[in-house]
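Let's take a friendly walk through this protein together. Keep the 3D view open and turn it as you read.

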Amino acid sequence: MPIVRISLAWIAFCFSWHALADFPTAKSLFEKQEYQLAKPRLEKLAELGHVEAQFLVSRIYAEGLGTEVDINKAYAWTLIARDRDHPEAAKQYLALRRKLDSRRDGKATFSELDSKYGKDALFGNLYPIANRFVVGSGTKIKAIRQDEPDYPNYFERGGVSAWAVVHYDINEDGKVENAKVIASFPVDGINEYVLQAVNSWRFQPPRDLYGDTMRLEMQLHSFQIKAGQGSQSRRFNRDNQEYLDAIAAAAKAEFAEYQYLYAILAESNIVKTENPLEWYQRAAINGHQTAQYRLAQCLITGNGCDKDRSKAVNWLAVAAEGGNPKAAYLLAQELLDSNNVNFEPRKAARYLELAALQEYMPAIADYASLLAMSDDPQIYNPNKAVSLAEQGRAIDPNHPDLLSTLGIAFIELGQQGRGEAMLQQAISEARKRNWATQNFEDLLLDYQTSVAGMN
């Protein structure tokens, strides 16, 4: 656990930005001599370990491109790129070494940057150790209804071949949310049918180790229709391979969106010869926030890489600072765990607010609850809790957590009867949804006992 604390301090120091382009975009700005725009983008990529970005950053400081010449920084970034085997870094290192005013100052600058962004630091704090991906091997959950798509009859008669990969979330009620086709071929060929099926799926409400309801984010499912042999099947295979080759080419050309897509196709076994973790990591290093969040998932569950909560927290911090609401929410949960040495409610409140501003319902519910119940005067704000909970109820009017928060906030504001009524309603709604009710019942009893004690 202390490793996580050290790592969090490292990530908080190293990363703080709200928008990040991938390498081709940053490089294009560099080549157009838009150095002041290129510099911050390339530096953020360099900090995540993008080797080409590290080398361009060294050139920026060596040549004074959009900034003042800083030979020490140029020397340091060149050494970092050389350690990662950049083909031009060794030659540039020799040239810069002769330009140093002070060899000691150059080494000191290198030591400082290397301790945060060098090979050992990145492998120790961010990069996962690969193992086998197993689709559907995460948190076990029982399906209540999981029908296959209802494809039209003419698909079979016509010998249609097709595939589609879907991401979806499972909410606290066991219902599917945010179902989205990530990729398919023929493009849009079976999207309508697979989405109709996935949106009808129902599961037993997911529960954590304590029996409380929880969400499961970014579940992955692939659908395939395989036709028999024949000319139509051969044509599909040829066209499908061309499509996959085009995605692979874009991924290898450093476009982060396609690197992430290629990782999904590899995990779904649509692409059979690639390691999905490698492509998730390449996309994450290239600034793709969803890939960063996905790496954190792998590191938490141990599916696809060895478990490492320290590295998971660091990727969540990177993605959260980039504005990803799911990452911000999960990071806040880590910071709110009183059994964790990273227990930092004020920082958690900031991340919850970031996610709530993007109307991410779990963050709205948890942030409102924190505002209503915190014993920290810098966080405690029952009036704001009421406002936020009502905002959430515009999305889900009878959400038990929001009703409970309203009950607590009203009691904190001196409206005991109104608050108890909302807590009773929260218990009733939780039962309807097959949620655990113990927490809601304990809250009601605590407030009732507190009033009785005062009387």
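Two strands count as paired if DSSP finds at least two bridges between them. Strand S2 (residues 162–170) and strand S3 (residues 176–185) meet that condition, pairing in the antiparallel sense over 7 bridges. Please keep in mind that everything described here comes from a predicted model.

Let's stay with this pair for a moment. S2 and S3 form a hairpin, with 5 residues between them. In the turn you will find Gly174, which has a positive phi of about 85°. To line up the two strands on your screen, find His167, whose bridge partner in S3 is Lys180. In general, strands of a sheet pair through backbone hydrogen bonds, either parallel or antiparallel. The side chains of a regular strand alternate between the two faces of the sheet.

Now zoom out to the sheet around the hairpin. It is an open sheet of 3 strands in the order S3-S2-S5, and the pairing is antiparallel. Which strands stand at the edges? They are S3 and strand S5 (216–225), each with a single partner strand, so one side of each is left without a neighbour in the sheet. On average, neighbouring strands of this sheet are turned by 20° against each other, with direction ignored. Helix H12 (residues 256–267) packs on the sheet and touches S2, S3 and S5. The direction of H12 makes about 100° with that of S2.

Some backbone details in this part of the chain deserve a look. Phe185 and Pro186 are joined by a cis peptide bond, with omega of about -10°. Pro186 has its place in the loop between S3 and helix H10 (191–200). Over in strand S5 lies Met218, which has a positive phi of about 55° although it is not a glycine. Is Met218 buried or exposed? Its relative accessibility is 11%, so Met218 counts as buried. Glu254 is another residue other than glycine with a positive phi, here near 80°. You will find Glu254 in the loop between helix H11 (231–252) and H12. Buried means under 20% relative accessible area, and because Glu254 has 19% relative accessibility, it counts as buried.

Next, let's turn to a pair of helices. Two packed helices are described by the angle between their axes and the distance between the axes. Helix H5 (residues 71–83) and helix H7 (residues 103–117) pack at an angle of about 50°, and their axes are 8 Å apart. That angle makes H5 oblique to H7. The crossing in which H5 passes H7 is right-handed. On the H5 side, the residues that meet H7 include Tyr75, Trp77, Leu79 and Ile80. On the H7 side, those that meet H5 include Arg103, Phe110, Leu113 and Tyr117. The residues of this contact divide into 8 nonpolar, 3 polar and 6 charged.

Which of its residues are buried? They are Phe23, Pro24, Ala26, Leu29 and Phe30. What covers the buried residues of H2 includes helix H3 (35–47) and helix H4 (51–63). Just after H2, Gln33 takes a positive phi of about 65°. An α-helix has 3.6 residues a turn, so residues three or four places apart point the same way.

One more helix is worth a stop. Gln281 is found in helix H13 (residues 276–285). With a relative accessible area of 16%, Gln281 is buried. What does Gln281 contact, leaving aside its neighbours within four places in sequence? The answer is Tyr127, Pro128 and Leu295.

Finally, step back to see the whole protein. There are 22 helices and 5 strands in it. Along its principal axes, the C-alpha trace spans about 80 × 70 × 35 Å. Of the 455 residues, 51% are buried. Among the contacts with a separation of 6 or more, 65% are accounted for by residues 24 or more positions apart.

Terms used: Residues numbered from 1 in each chain as written. Heavy atoms only, no water. Helix = DSSP H or I, 4+ residues; strand = E, 2+ residues; numbered from the N terminus. Axes fitted to C-alpha atoms, helices over the stretch in contact; angles between N-to-C directions. Parallel < 35°, antiparallel > 145°, perpendicular 65-115°, else oblique. Left-handed = near helix turned anticlockwise from the far one by under 90°. Contact = heavy atoms within 4.5 Å. Nonpolar A, V, L, I, M, F, W, Y, C, P; charged D, E, K, R; others polar. Buried < 20%, exposed > 50% of the residue type's maximum accessible area, 1.4 Å probe, protein only.
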